[in-house]
Amino acid sequence: MFEIVNNRQVIFGENKISDIPSLLKWYGCKKVFFATYSSSADSYHKIAGLLEEAGIGHVCYDQVAGEPDLHMINGGRDIFLAEGCDCTLALGGGSVIDTAKAIGMLAVNGGNVEDYQMNGKQVTAVPPLFIAVPTTSGTGAEATKTSVVLNNYNGLKKSLYHTTMIADIVILDPTLTTGLPRHITAATGMDALSHAIESYVSLNASPLTEMYGLKAIELINKSLKDACDDPQNLKARGDMMLGSYLGGLAITAGIGIAHIMAQPLGAMYKIPHGDACSIFLPAAMELNMDHAEARYARIAEALGVAEPESTDQENARRAVARVRAIREEIGAPVCLAPYIKETPDMDFIIDTVKKTTGHITCNPCPLTEQLMKDAFEKAMEQ
Ligand SMILES: NC(=O)c1ccc[n+]([C@@H]2O[C@H](COP(=O)([O-])OP(=O)(O)OC[C@H]3O[C@@H](n4cnc5c(N)ncnc54)[C@H](O)[C@@H]3O)[C@@H](O)[C@H]2O)c1
Ligand SMILES: [Fe+2]
């Protein structure tokens with residue numbers, strides 16, 4: 001038994017942002033709530049100019065300072081309503097996409113985002129048309145129905161989601177990522193790799209998520225280093241954009257111990273999501289190894305390091321070594337210690353992990369407190 005939610009339309013190609021006005025016109029949209037990571041970015045000006053030429057109005061929302069919190073979303077909802085917007089456009093990384101995703105939902109469902117995140121309020125109305133245009137290659141947030149939000153009152157970073165919150169249209173335009181700084185390319189790429197690997201070993205994996213996950217691993221393994229070393233390389237940028245999108249589709253199989261730790265600790269210690277995933281991924285693979293050896297051996301094939309004569313155990317170990325090597329090649333973060341200023345209170349950490357994602361049951365190794373402690377310690381040592 002499985003279920004997967006897909007976008008209605010995915011458009012891949014260089015300069016495909018130029019399709020935006022005709023898409024909006026077709027859907028009869030007149031006023032766009034345009035969320036962007038920077039109102040001074042060339043890509044924002046290009047799209048804004050195209051909208052103007054097409055006679056489509058927009059309001060620019062560039063208030064996503066860091067990863068989304070309640071204020072960014074509730075504040076954006078107020079602007080959406082006050083300006084009479086009828087659709088949502090997100091141009092940015094996971095932070096902007098998740099913010100816009102939640103704002104569109106709130107605009108027609110009422111209440112505040114925390115009502116849905118913490119208090120079980122249900123989505124009952126279909127959000128307005130939502131076009132997601134990623135400018136990082138990591139989260140795959142354009143492919144998911146989830147919005148990950150920091151709750152300012154209790155410090156927990158938790159998701160809210162609904163089938164209808166997934167973007168209707170996704171535009172994957174590799175030219176948008178050529179200006180992405182190296183360290184963000186590296187960390188977000190490790191996030192995408194984490195989605196692909198964690199979903200493939202998930203106890204909820206399905207034939208679809210397996211297919212997406214393996215293809216994502218191949219693309220990321222092939223092109224992450226090139227995207228970091230040669231930022232203008234559109235082939236590598238395109239592979240990463242597609243790998244990230246496929247990783248987003250795959251992670252609907254459920255997150256594993258790397259994300260289960262990365263999400264709450266990222267919020268606690270202000271670690272960007274991709275950096276946190278980079279730190280936890282190899283540790284997670286090692287901790288799961290005995291429970292998913294054959295699956296990691298298949299991952300080793302996708303990573304191009306499997307030897308046909310070797311046992312699954314040997315190949316699974318090669319997969320972990322290759323992930324560590326990728327991380328080193330691109331200079332992505334390997335250790336938690338530099339982010340932690342005071343001696344950590346382990347009970348508090350475990351309690352926070354449990355409150356945030358500790359209910360998730362699809363990690364191959366059973367999710368015990370000991371596993372959380374082991375993951376934390378390994379992440380501190382590396
Ligand atoms: N919804 C989901 O399914 C899902 C999945 C995983 C992660 N997330 C969430 O996504 C968020 C992280 O998103 P992210 O990793 O894409 O990073 P991000 O959106 O926070 O962006 C990182 C930085 O890169 C900058 N930036 C973005 N695009 C740029 C470009 N083209 N050129 C130059 N700078 C650019 C941003 O302004 C920001 O400073 C986290 O909140 C995480 O929890 C969501
Ligand atoms: Fe992630």
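User: At what angle do helix 11 and helix 12 pack, and how far apart are their axes?

Analyst: This is a predicted model. Helix 11 covers residues 293-302. Helix 11 is oblique to helix 12, and their crossing is left-handed. The packing angle is about 55°, and the axes lie 7 Å apart.

User: Which residues make that contact between helix 11 and helix 12, and how do they divide by class?

Analyst: Helix 11 contributes Glu293, Ala294, Tyr296, Ala297, Ile299 and Ala300. Helix 12 contributes Asp312, Gln313, Asn315, Ala316 and Ala319. By class, the contact of helix 11 with helix 12 comes to seven nonpolar, two polar and two charged residues.

User: Are helix 7 and helix 12 roughly parallel or roughly antiparallel?

Analyst: Helix 7 spans residues 207-229 and helix 12 spans residues 312-330, with axes 9 Å apart. The angle between them is about 15°, and angles under 35 degrees count as roughly parallel. Their crossing is left-handed. Helix 7 and helix 12 are therefore roughly parallel.

User: Which residues of helix 7 and helix 12 meet, and what classes do they fall into?

Analyst: On the helix 12 side are Arg322, Ile326, Glu329 and Ile330. They meet Asn221, Leu224, Lys225 and Cys228 of helix 7. The contact of helix 7 with helix 12 divides into four nonpolar, one polar and three charged residues.

User: What radius of gyration does the chain have, and why does it agree or disagree with that of a compact globule?

Analyst: The C-alpha trace spans about 60 × 45 × 45 Å along its principal axes. For 382 residues, a compact globule would have a radius of gyration near 21 Å. The chain agrees with this because its radius of gyration is 20 Å.

User: What share of the span annotated by UniProt as "transmembrane region" is helix?

Analyst: The unreviewed UniProt entry places this feature at residues 242-262. The end C-alpha atoms of residues 242-262 lie 23 Å apart, and the span has 0% strand. Its helix share is 71%.

User: How much helix and strand does the annotated C-terminal domain contain?

Analyst: In the unreviewed UniProt entry, "domain: Fe-containing alcohol dehydrogenase-like C-terminal" covers residues 185-380. The end C-alpha atoms of residues 185-380 lie 23 Å apart. The span is 70% helix and 0% strand.

Conventions:
Residues are numbered from 1 along each chain as its sequence is written. Chains are lettered from A and ligands numbered from 1 in the order in which they are written. This is a predicted model: local features need pLDDT of at least 70, side-chain atom pairs count only at pLDDT 80 or more; totals for chains, interfaces and linings use all residues. Side-chain values use heavy atoms; hydrogens and water are left out. UniProt positions are given in the numbering used here, feature names are shortened, and annotations may be inferred rather than shown by experiment. Helices (H or I, at least four residues) and strands (E, at least two) are DSSP runs, numbered from the N terminus. Axes are lines fitted to C-alpha atoms, for helices over the stretch in contact, and angles run from 0 to 180 degrees between N-to-C directions. Angles under 35 degrees count as roughly parallel, over 145 as roughly antiparallel, 65 to 115 as roughly perpendicular and the rest as oblique. A crossing is left-handed if the near helix is turned anticlockwise from the far one by less than a right angle, and right-handed if clockwise. Contact means heavy atoms within 4.5 Å. Ala, Val, Leu, Ile, Met, Phe, Trp, Tyr, Cys and Pro count as nonpolar, Asp, Glu, Lys and Arg as charged, and the others, Gly among them, as polar. The radius of gyration is taken over C-alpha atoms; the globule rule is 2.2 Å times the number of residues to the power 0.38.
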